[in-house]
Each structure stands twice: as C-alpha cells, then as structure tokens.
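Trainee: Please take a close look at the contacts made by a single chain. I am new to this structure and would welcome one connected account.

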Amino acid sequence: MIVKALYIVLSVALVTVWGLTLTGIVRKIVARVHGRIGPPVWQPFVDIIKNNAKRTGISHGVMFYLGPVFRIAGGMGTFLFIPVLFGSDMFSNFSFAGDVFLVMYFIFFGQLGMALGSGEGGHPYSAIAVARGLAQMSAFEVPFALSVISLAVQYDTFSVSSIVAAQQGSIFSWTMFTNPLATIAAIIAMLGMNMHSPFDVVIAPQEIPIGPPTEYQGSFLGMLHTNRGIFNGAKLILFMNLYFGGATTIPEMIVKTFCIYMISVFVGVSFPRFRTDQSIRFFLGIPTLIGVAAVILYWL
Amino acid sequence: MIHAVTATGIILILTGLWCMLTRKHIIRIIIGFSIIDTGIHIMIVSTGYIRNRTAPILDHAVGLQGAADKVVDPVPSALVLTAIVIGLAVTALMLSYAVKLYRRKRTLDINNYAELKW
Amino acid sequence: MHNKETLPNLGLPEHERDLFCDARPRVSKPLASYIEKFLNWSRANSLWILAYGTGCGAIELRPLFTARFDISRYGMAPRPTPRQASLLMIGGYLSVKTLKRVIRSYEQMQNPKFVIGLGSCTVNGGMYWDSYNTINRLDHYLPVDVYITGCMPRPEAIIAGFEQLKKRIKDGRAEGANQYAEQFDWYKANQKKIITDWNMPDYNW
Amino acid sequence: MEQINELKARYSISDSRDQRPDLGFITVDPGRLAALLAELQQVRGYTHLSFITAVDYPETGTFQLTYMVHNFESAHSLGVRTVISRDTALMESVHHLWKQAKTYQRELKEMYGIDFPGSPGVDDPFILEGWQGPPPMRRDFDTRAYSEKTYFPRPGRKTSDPRRHMQSRLYPDYTPFEEET
Amino acid sequence: MVSPVYLLVVTIAAVFLVPLADRIGRSYGMSVFYAAIAAAAGLGLFWFLSLRGGAPAQNVFIAGFTGPYAIQLQLGIAESFVIVLVNTVFLLASIVLGGALIKEKAYALTLMLLMLTGINGLVLSRDLFNMFVFMELLSISTYALVAMPRNGQAFSAGFKYMIAGGLASTFFLIGTAFVYRTAGTLHLDYLLRSPELLHGGVGFAALFLVIAALLIELKPFPANGWALDVYQAGHPGVVSIITTAGTGAVLFVLYKLLPLMSVRMLQVLGGAGIVTFVFSNLVAIKQENPGRLLGYSSISQTGLVIAGMVFLRLFGIREIAVYAAVAGGLFLNHLFVKGLMFWLSERVGPRPIREWGVLAGKPLLLFLFGLAVVALSGLPPFPGFWAKWEFLKLLAANGYYPVLGFILAGSLIEVFYLFRWLGYAAVKEDHDTISPAPAVTLPMVAAAILLLAASVFFSGSLSVREPLLRLIPAAGILFYLLEPLPGRVKTVLALAASGSAAVIVLPGLSGLHLVFGIMLLGGSLVQMIAGLGSGGRRRGIYPGMVMMVYSFAGLLVTETALGFFFAWEMMTLASYLLILRGSRSARTPLLYMIFSTGGAFLILAGLITALPAGSLSSAGLGDLVFSGGTAFYLIIAGFLVKAGVVGVHLWLPGFYSEADHDVSPILSSALSKAAVAGLFIFMSLANGTVPGSDMFSVILGWIGGLTAFFGTLMAIYQEDAKRLLAFSSMGQMGYIILAASLMSTIGWTAAIYIAVTHLLFKGIMFLSVGGVVSRLNTTNMYEMGGMIKRMPLSFMTFLIGLIALSGVPPLTGFGGKWLLYSALVGKGWYMLTALALFSSAVAFLYCYRIIHSVFLGQLKTGFRAVKEASVWYLIPQFIFVMLIMIFSMVPRLLIEPISAAVGKLAGPDLLWQGNTVSHALGYWNGTTVMMVTMGVFMVPLVWLLSRVRSIQKVKQFNIVYAAERPDRPETTHYAHNFFAHYTKALGFLSLPLVRRFWEGAGEWISSIAAALRHLYSGNGQTYALQVMLYITVLYLFMR
C-alpha cells in the first residue's frame, strides 16, 4: 500500500517534471526556428513558482475556486489510469482500474471542472471559449473514437496494457505500422486535443483573452500550468501506448513522447488558425473518413 | 293489366323523383313528393291484386262466407290506407314548413336555403 | 474577507453597489528575506506584460517580440488579461478617459505588480504637456517603478528599462502594489480629482 | 457651377468660389441652410455628407460652420458655410437629412458648445467623459492654465529649446547667434 | 312480467292525457309528460332486470292477430336492453328540454311522446309494416320538433330533413311492398324461418330497398348532409334524442334484419359503416361549430356501430352477448356521451369550439366534458374501449386487417379533433362565463354516472380480473373528488396512495418487472415529495398523478394482454391530464395525445394480432404468439413512438418540459421508463420466437443510435431549460434503445443500468431546474444566470446529476457508457459505437450550456433576492444524489441485480472479481476509480486551502472586461444562442425536417377534409340527389 503510494508519487513527479520540461524544450525549439534565443528550458517552472508567489488573489466563488482543483485532479487522474512503462510495476499506476474508455472519459473530468470554474468567473469570454472548446472537442472525438474502436477490433481488447503488450517485439508490430490509418486519425485528433494552432481558437489570445482562464491568476494559474505538464504528459503517454508500442524504460518514454509532441508542434507552427465551425467540419471530414476506413479495414 | 298498374305506379314514382330532384321551387318539390307517394300507393295496391276479384270490403256483395276467395289480398290495401294517412301527414307538414320558410325569406327557391353547409 | 474596512463606493448608484467588491486593497508583507529573495528572482524572471498601448508607444513594443530583440529570453511574455500579468506597460500619453481604464486594469492585477511608464508623455506630459485632457505625471495616479523617457524610446531603451526593473525587483524595492495600498487614499483622491464621472467601485478588484 | 448660380438667388448665397475643379465653397444664411442642404441632397445629387465642422472667430464673435457635401456622380464636393453668432451658438439640426449628422453635431456640442436642438443624443458626452470645464475647442479657453491647474505639472520642468541644449552640449564654446545680433 | 304493450300504452295514453292535464295547468301537463317517460324507462329497467334474471322472452300480438293486421311486439333481452337505454336517455333529454318545452304549447309535449312511442315501437315491433308506421311516427314528430328553435336555420334544416326522410320512407315502403309480394309475409319471424323466400331478383331488390332506407335513416357518409344541418340547427336537446334514441331504434331494426342479409350485403354494409366512420371523422377535423362537429362525430359513431353489428354477423356469430359486448358497448358509449355532449353544448350556448374556454372555470362541467371526450375516443375505462377491443380482436381473428387499420385510423382522427376541442375547453382565457342551469347539469351528471356504472359493468363482464386495474380509474375519480383539499394535503394523500400501491405490488414482482417496478414506482414516489413545495390548491394534478402511478403498477402486475393495454391507455390518459394542466399552449397536450394514441394503436394492433387463436376472453401475455413477426414489430413500434425516437419525437420536447415543475421530473424520468419497461417486457416475451430478429435488432439499434444523436444535437440549440432537458431525455432514451437492441446480456444490463441512472440524474436535474424556475418564473436560460450564488444546494445536486449524465467518471454515468460501448464493440457494431461516442461528446455541449446559463455566469439584477429552492424540491434530489453516490462507490450494488434480472441471453456474461467488473474486452473497477479521483482531488485542494487567506472573494462585476466596467448583468451573461458556431458547422443536421414532414402530413389530411366537406353544399336538392346516388352505388355494390 505504502509502496504503491510512493510509486504513485514518483510517477506523478516524473510526469510533471517531464511534461513541463517538454514544454520548455519545445518553446526553445520554436524560438530557434524563429531565429530567436527563446526562454530558458526551465522557464515553465519559474512561471509556476512566480504564479504561486503572488501575494494576493481573487476568487469568484466556490466553483471558481474548485475549477483548477478539478482540472489538475482530471490531469492527474487521467495519468494515473494509464500505465507509463510496459512491464514496470513501479510505473503501472492504477491501470488495473479501467480500460481505454475510462481514460477517454476521465479526460473530460478536468475539462468539465475547469469549464464550470471559469463559468462562475462570470466573464463572457470564458463562456465563449468553453463553447468553442466543447464544440471542437465533440468533433475531434469522432476520429479519435473511431481510431480507438479500430484498435479494439485489432487487438480484441480495451485494455491499454494489453494493447501495449501486443505491440512488443519489433518496431513493426507497433500500431503505427500495423494500423496506420487508425494512427493517422488519432494523430489528427490529437492536434485538436492539444489545442495548438490551427485549433487554438479556444484560447484565441488576442480575441478572447486566453479563453476559459481569463479570470484565473496566482495560485490558480500556477495549478493550471502544472496541470498542463501532467495532462500533456498523460496524453502523450496514452498515444505512445496506443500507437507507438509503449515504452519499457524512461529514456524510451521520453524520446517517444517528445517525438509525438513534435508532430503537433510542427503542425502548429505551420498553419494558421481555423474558426470553430471550420475545425468542426474539418474533423468530421477527412479524419473521420480515415477513422471509418481504419475500422472497416479491421472489421473485414 | 296488373303490370300496367304496376308500371303506372313506377312511372309515377320516377316522375315524382325527377320532379323532386330538378324543380327548384319548394312547392313543386312537395308536389313531386306527393306524386311519388301516389305512385307507391298504386304500386302497393297492384301487388295485392288478384285477377277477377273484388275489393276486400266485407259488405253484402261479398258476404262473409268464402270471402277469402272472392276478394283480392287485403293486406296491401290495409297498408295503403295507413300509408295514405301517413303521406298526408308528411305532405301537410312539408307545406307548413314551406309557409314558414316563405314568411322568413319571401322566397321559395330551394337554392336560397343553403346557409347551413360544410 | 479579512479586510473589515470597506470602501464606500460612492460613485456607484445604490442598486449597483452589490455588484462590486467593496474591500480595500491591503498591504502584503514580504516573507522572510531568503524566501522572498528566491521569489523575487522568480518574479523578475517571469515578467508577464500587460501592454496598455494608449499612444504611439504601442508600436514600439512590437519589435520587442521579434527575433532581433526577443524579450522572451528574459522569461517575459505578453499576457492578454491583467489578472495574469505582473507588469503594466503604459505606452504613451494618457488622456483622462484612458487613465480611468488604466487604473481599472492596474487594480485588477495581483500583488506584486509593476508599472513601467513608457515615453515622455508619462513622465511630464511630453508634447501634450499643456493639453486640456492629458495627464502630466503618471506617478500621481499609480505607483510607477520605472520611467523610460524618450519620444518614443527605442526598443533598446525599453530593454534597458526592463533590466532596471528586474534589478529593483531583485532588490526588493519594487513594492508598488504595497505602496498603492498604503497611500490608497492619496492616489484615489488624485484620480478622482480629474476623473469626474467615477462610475467604478473605488477599488477594482 | 451653373447649378450654384441657379441656387444663388433663391437661397441668397452670399459668397461662392471654386477652390478646385472638384471642390467649391458657398456661404449661406443660417436660416436658409437646411433648405439649401435639402435641395442639394434631394435634387442636386449631393447625397453624401462628408463632415460638419466649425471654426471659432472670437474676434468677430462668430462660429463659421462648414457642411461638406459630396456628389458622387459629378465627383464634386461642396462646402456649405454659414456663420452663426457666438453668443447664442445655436444651429438647426440636419440629422433628418443625414443620420450621421447627429454624431458631428454631438461633437460640435461638446467641443464648441454649439447646440443643435432636436438632434438625437446631442447632450451625451462624445469623447470627454465627465467634462466640466468650458468647451475646450473654443479659442478663448486657456488649455495651458487648465492643464497646470488640473494635472500636477511636474515641478522643475523648464521649457528649453532642444537646439540650444544640443548646441551647448556639443559645442560648448559656440556663441549663440541670437546673442550676436 | 308486464306485457310490452304497456310500454306503448303508457306513452300513447299520455299523448291524450297531456293536453287535458295541460288545460288544468302547465305544471300538470309537464308532470304527466315526465311521469309517462319515467314510467317507460322504469318499465324498461324492470324488464331488463327480470329478463336477465332468467325470465322468458315475450311475444305479444295485439288483438290476437299476427302482423301486419295487428301490432306484434317481441320483448327479449336485447329489446329490453335497448329500451332501457333509449328511454333513460330520452328522459334525461326531456329534462334538458324542460326549459324549452315549458314555453311551447302542449302539443310539443305530445310530439315528444309520439316520438318516444315511435322509438319504442321500432324496437319492439317484429313486422316490417309496423316498423314503417313507427318509423313514420318517429320521423313526423321529429320533423316537427326540429323546428322548435323557430329560426330560419331550423326551418330550412327541417325541410331538408323532410326531403331526405321522405325519400327514405318511400324506399322503405316500396321495399316492404316488394317483400310482401315475393314472400307473402311481412313478419320477420316468418321471413327468418325461411330466408329463401327473399332470394331471387325481386326478393333481393325488396330487401335491398328496406336496408337502403334504413341506412339512409342512419345517415351514411356521404349521403348525410341534411342530418348535419339538423344537428347544427336543431335544439341540442331534440338533436340529442335524434342521434341517440332515434338512431338507436333504427340501428336495432337493422340488427333485427341482419339474419336476412346475404354475405355480400353484409360486406357492403360493413364497408359503408367503416367509410362513414372514417370519413365523417375526417371531415370533422375542419369543423368549428360544436353542433355540427357533434353531428359528424355521431354519424361516425353510428357507422362504427353498424360496422360492428354487420361484421359480427359476417363472422357467423350468433351469441347475443357478443353483440351486446361490441355493438351494444359502442352504442351505449355513444348514447350517453353524445347525449352529454349535446346537452353541454346547450349549456355553453352558441360558441364556436375555440371559445369553449368558458368551461375552464367550471370544474364540474369541464370534468363532464373531459369524461365525454375520453369515453368517445375509446379510451378506458369506458364501454367504448372494451367494445373496440372486442371488435378489433374479432376483426383480427378473422383476418380483416385492412378494416382494422381503417378503424384505427379513423379513431386516431377522432382522438385528434376531440382532444383539440378538450384543449380549447381546458385553456382558460378571458371569456365571459356561463350561468348555472341545474336542469341541464343534472341530466349530464346522471349520464356521466350511468356511463361510469356501465364502465364498471363492462369491465366486469370482460376480462380484467386484476383488481388493481380497476383501482386506476377509481383512484383518479377519488382524487378528483378530493380536489377541494389544499395541495399539500393532497400530496400527502397521493404519496400514501402511491406508496401503498408500491408496497402491495413490489413484493409480488420479480426479475425485470421488479427492477422496473422499483424504478417506476419508487422514482415517482420520491419525486412526488416535491409537490409539498408548492402551495395552493393545485387543481388537476393529483388525479392524473395517482392514476399514472397506479397505471405503472398495473402495467407491471397485469398478466393479460387486455390488462396491459388497459393500464397502458390509462397511463397515457393520466399523463395527458398532467400535461394538459401545465402546458402553455393547447398544442403540446394535443400532440402528445395524438402520438401516444397512435403508438397505443400500434400496440393494440400488435396485441390483438398476437392473441392466440380462439381466445375470446382474457389471453395472458405469456400466451401471445409472435411467430408471425408482424405483431411483435407493431408492438415494438408502438413503444418506440412512446419512447419518442427520432421521427416521432415531435410531442416529446413539449411534453417533458411544459408540465408543472414538480411533475415534469416524473414525466421525464419515470414515465419515459414505462416505454422502456414495455419494450423489455415484450422483448423478453418474444425473445427467440421472432423470425428475422437479427435484422430487427440492427434496425432498432440504428433507430436508437440516431435518436441518441439527434436528441442530443437538438438539445444543444434549446433556449428553454426544461426543453433542453427534455431533448436530453430523448437522447438518453436513444442510448437505452440502442443498448436494448443488442439482445445480449451486457447490452440489456447496459440498457437497464442507463435507465436507472437516467431516472436518478434526470430526476435531479429536472427537480433542480424546476426549483430554480419556480423561483424565477421563467424557463429561458438566458434570463437566468449566477444562480449558484442564490441556490448553492440546487447547484450542487445539479452538478452531480450533470456529471452522472455526461458519463464522466467517477460517477454512475460512466458505468452505463462503459457497458454500452463494451457491448456494442463486442457485438461488432462499430459505426454505432462511434455514433454513440459522438453523441455523448455532443452531450457535453448542452450539459455545459445549461449549467452555465442557469447557475454560473452573471446573476441578473431582478434575481438578486431569490431564495434557495424549496426544501421539498431538495429532498428528492438529495435522495437521488445519495443513491448516485452509493452506486458510484460500489457499482456492483447496481450492476449485479440488473444482470441477475436480465438473466442469460446471447453473448458473454459480466465477470466479477472483487469490485472489478470485466468481460472479454475490458474491465472497470468503479470503487478504485472513485478512490483515486478523491485522492487526486484532495491534494491540490489542500494546497489551495493553504493559500485561502490571501484570496479576496469578489463580486460578479469584478471581472476583466477589456478595462471597461460591465454595463448590466443582462448584457454580460453569455447565454443566448450559445452554440452559434455549431449551427454554422452542423446546422443542416438539425433542420426541422421531421416537424415539416408531420406538419405536411397534417396539412394534407386537413386539405382532404376541407375538400370533402364541400360535398355538403347546404342545398336540400343536392342532398336528395346524393341520397339517390348513394342508393344506386350501394345497389351496384351489393348486387
């Protein structure tokens, strides 16, 4: 019991540090591509310390107060239901509690809480942003769901651990190679999930200041930033497990998640922003068809 | 002979019907109705007629004995008597309706009494 | 919450007073010096800017984010909402009307918060020194940490100003928010002297 | 311009001149102005009101108002001027001809104190929120005095000539030429 | 036994006595008049009772001769039955007419008495010519009485009536003459003994003319314009006699002649009856005048009675009891109801039906009217219901499915216009009121009581054996009588009544029935507590409510098909009453009633088709035969309509949303489960016996999936909070149907799991929103906002309900989703899985929309002082929240009993290992998930709480608003047209195509009706021509 608790702490700490560092690295890389020097790699940590070091804060009410708590609980929970390393007892987390559907739905836990919290903030932009985010989410959920169904058909299981186990062996037993269509659909859905450009109309900084967290500051914001590390990490690990053969060691995990994250970074720096209705139609178009094709391919 | 009577009755009925269905004047419609009535009466009487027999009235000419062989079928005659009475009553009622209608609208054209419809 | 003293909010009509928080700003004492030193280091290296581009200054801020000047290397980043920003940059002359908005934005930032006055106009009115509707001295209305003179100052000058500010922060001298809270009545009186249609609460939380 | 000549007599246009081929000015009595503008808009094709502006002449105690109208077909702009008394500062509103006139009139009301009775929202503040002094664009309003009284001038401020300042910095030995004369 | 002659003697004698007595004084004359009619009615009753007691039938020859020389009368059980009915109604009608008669001269009374003599004579007589005489007696007195209002309309209508009536009697007479000519006798008994006498050309023609004349007297469509004019223009009292007693007598004559007819004649006659029934109802939908509308309705009912008799004869049935059950039941129903309605129209006066809102302020009259409408529509517990059931059953048993279809279609149209009318009457508008008139009200009450008594009689003679079913209407009436009590007292009484029903019923149930019993009864009971929160009388809620709960119990308890359908219809009726009270427009209840009745008719058609051969009395549900498939599909289609699947969901949003705030939750959470219960009961009954069930389950699955999707999609566009929740219910029903269609253990477990959780969370959400709405008096979400500040408890429960709805772990909703997807993928329905996942993602949109627009955002100025919702609204919510929490902590508590109840079906079972449930594909440990969630929730919360001292609590306008201050809360709250961008992207999916389709269909039907009614040109001569043509066509058909 205590050992498990220690493992969990370790695992959460790992993903937090790695997730935030990854953000820092990516910022640095993007800056270098721009020809800038860019912030230091540890900048995300400094930001979190700074935000928590705010001496005053404001709260609009209980739900506003709990919003970030929900958010980070959602991030941590999502992470904790995903096995991090294949074959490692230390980093298996609580993956025995549920399968891939549990993870897919637990993702919403934090987003829902956050949306509610920012809603109580009373700022109209928060609500607008949530409306956009939800609309976009409902759309990218379709290719992702189809992709997961395709995996379920392929591997005949919903269990993330089993899916990882089935991909062991050589690099060519990864889903990426055995089921490329499902992988493509999922990667496109991931672009939406990460809310990078071209799907960043949700936070549209110039138009509706930063979106849902418009009213959040200080410790709340620090918490949201921490969650960004955890949640990003969790999503990347999920994608790694589902499509890229999982990982058996921490370095492997770090390399793979970094590569997966770079996909959305590359797309993000290359494309301008979609409007909400455009992104809805985009996700329900080609990516959905790819997902359908992935399902049908394994169905037959 | 008997067929001629029946035929007369039928012709009268048809005439009356034609009259009822084509004349616009209410009184004429009533007359048509009367003609039908008469036609029916004739026809009914003709159904009970038996050649060479007399009317089913038990007077001295017929006598009580063997009357059944001397007179025609008395049933239609009895029916006709009742029917005549009834027809009379209906005709009278129709005429009184016609009077009432005329007093209201000063017209007896049936086309003018179509305010209730659909 | 723990500030028993409340503001009268006389500028608001009776039925609107309940819509706004009426607490006074409060002085937040710095923590023990070694912790505060560390925290100040983090504050200095993570300056999130709320740029208030009232005048020509706004155009001079843009180059800061380009490859040539790149202030992101100092951990600085623009922030679209005062709630999350710690540095208010006032980019030029302030008319009475814009001053009102600046005050509201400043008050919506959280302690610690810093102000940079950009350009001569914020120092002494600049070329609008005798205008009927432009303020002359920003520090009468808000506690200013650093003035950057010039009309307009070049990005290099602005970066120098940032360095100055960071130095002040690290030295623990950038306590404008506490100063504002301490001398709240004086600042408020100055503000209200020129902003005659004060339809905001006395302190915009 | 033949058009103007036609109108001249009817509206007692006192002064008319062409500044450019596509720009002319005429001056008319304030009382006839609205009627003239109406005809220009309805009959003469000057369908667009570009702006209304005012010039303050405290010397003569008048405001000169200019209504700039434009004819898209002939690409001709016509400034219709009128002079009103500075004391009454009252002018007929033309918002019934052009809706946008109410905005110009609101501005003139705020900046010059010229009233346009009946113009919608003419008393609302235009850009000055809560302004309490005299109309600031009148020439007899001393902005410097007002500013010094109101906006805490920074003490120690000197008006110094930058040229002289730089001269003294760069060429301390140079004698200023003004002093020579 | 008294000789039947006395029946005629009494009235004839009174004909002479009345004028004499009238000379003494008006009241004497009237007394004699009423005494004679009462005596006639009394005689009838006496005869009926003694004949039922076993006395022999009587044949009387007046003056010792046989007919036609003398009058011959026969008095059997059938005659006495009709006599007692027509005389009773005649008595009641003459009481209604009392006020009008007293102003007339004495001959009006004698005319009435002559009319009654004619009616009684027609019933008793056994001789064709006697019948003619009595018919003429009836006709002539009627012609005269029609003119009683003495206005132009009455005279012209009377004249048209005389033309047509004259033609009819002409044909009758000719026919009689020819009968005599061919058969040599006019005596029915002789004719019946040797029917071959009438074979051959002339004999046929003779019989044809007689029947045609009778048919014309019965006003067949389309040769009946004159009758409608009379119905419209005559005094309602007189007209009620014509259409009840007069028609009844003629119908009975037709009944007496039935054995003479050939099969062909019967078929054509039956067809004429059906045509009359369907088309008269059709034409009636455009009618605005109450008298004329009632006329159309009377004619259609007559047509149905004709069809009833004729088809029974056609099927070779000779038992008089069956005729009594079908034709007698239909006629009795028509008799009392139509009497009641005509008298009511007398009471309301000359108003078009749209203005019948005057009744809204008169509870008794409204009750009577409602009773009449319900009875006339053939809804239980009235005789029409039982008679229709028997009739349709016989039709189905003999393979007359098209006829069955026509009757159901006609009945549906009838339901439409009758309930539309009831809707007008129930909606209170500012009209002038009507003055009291006990002389009219008393007969109506009497008719209603007689009708109810007859209902008891009919229900007893038929097959409803379960005593509980009898309690359903009884409970409704009891609570109607309790209406004057205060609302809270009634709530407590209703709780007690429903609770006792639950206590009695639940222990006897098992398996799925028990699960649904707990859901329906328990769910309703808990939510009824909310009723304590509203003050006032709350008229019109509890009769429906208690009836509905008892119907739930009845549905689950009953073991017979008839009992099931009875309970089902009672439930429909009860819920109609509930929505009728609360709804803002007459449209919603009407739509509900039409679709529900349509669905119920599908179920009815299926049930009677599935009845095992030869089961005339009660057939058990278990005995139903589904091997043909059609019956099963019809039943399922009926339940789908009731569940509101996409395509027939038109009624749904209004129905779930417009009832009272404490009733809507029950309708949406519990009542919606009744359809699910029915679906499951019949699917488990038929499991394995239905051919082609693979295709069926695929189709059902897609219906469910599309319902889930479109329900959800439409929910996100709603501006009305309750409507949004209503559409959300539609979506959830889609999931349930989708899961049910899987026909596997996990699928059914999922379906019932979702049903249970939906009950819980939708109950919470509706109650919570109801609490808010009851404080704010608006349902528009954009008018609300910031309610979390004023109603934190409601917000809390709503939030729990919302998390459960959206399927986010750790609450119960996830279990349903997990089971559903597992079952779907297990079955291989991948596209449906994706559709369901998409729908559940879209569900987040409306979830957020409602909670944000109502509870979050900006509190509006006008609502700054509202209080938390009533504690009575909160109690049921907290009960449900507790249940949700318990089931979330230990999902096993819920899933295990459900899978036990579901039993073994196709597909793998769920396996349990501690708290982990697993199947071939995946696994889920709800308890651990809950623990982990709570753990990860606590850590950041503790950190935040440690910093709470530095955090200033601010107010709603302390927001960053681009440095401006917000102007007003109304303009700062982002709530209206929340998902505009979604419309832009996917708006084409939510075009109101279904509504356009149904509206188009409705318009099409009503244009047909509008075109058809131009047949009735109002010209007497045209009518005569129509009569002639009708007879010709009839002849061509019968030949």
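Mentor: Two residues are said to be in contact if their C-beta atoms, placed from the backbone, lie within 7 Å. The model is predicted, and local features need pLDDT of at least 70, side-chain atom pairs count only at pLDDT 80 or more, and totals for chains, interfaces and linings use all residues. Residues are numbered from 1 along each chain as its sequence is written, while chains are lettered from A and ligands numbered from 1 in the order in which they are written.

Consider chain E, beginning with chain B. Here 38 residues of chain E meet 33 residues of chain B. On the side of chain E that touches chain B, at least two residues each come from α5 (128-146), α6 (152-183), α9 (225-233) and α40 (1020-1038) of chain E. Helices (H or I, at least four residues) and strands (E, at least two) are DSSP runs, numbered from the N terminus. α6(E) gives the largest share of this side, 16 residues. By type, the side holds 21 nonpolar, 13 polar and 4 charged residues; Ala, Val, Leu, Ile, Met, Phe, Trp, Tyr, Cys and Pro count as nonpolar, Asp, Glu, Lys and Arg as charged, and the others, Gly among them, as polar.

Turning to chain A, 60 residues of chain E are in contact with 67 residues of chain A. The largest share of the side of chain A that touches chain E is the 17 residues from α5(A). That side comprises 41 nonpolar, 17 polar and 9 charged residues. Strands also join the two chains: β1(A) pairs with β6 (residues 951-953) of chain E in the parallel sense over 3 bridges, pairing being assigned if DSSP finds at least two bridges between two strands. Within β6(E), E:K953 lies opposite A:S59.
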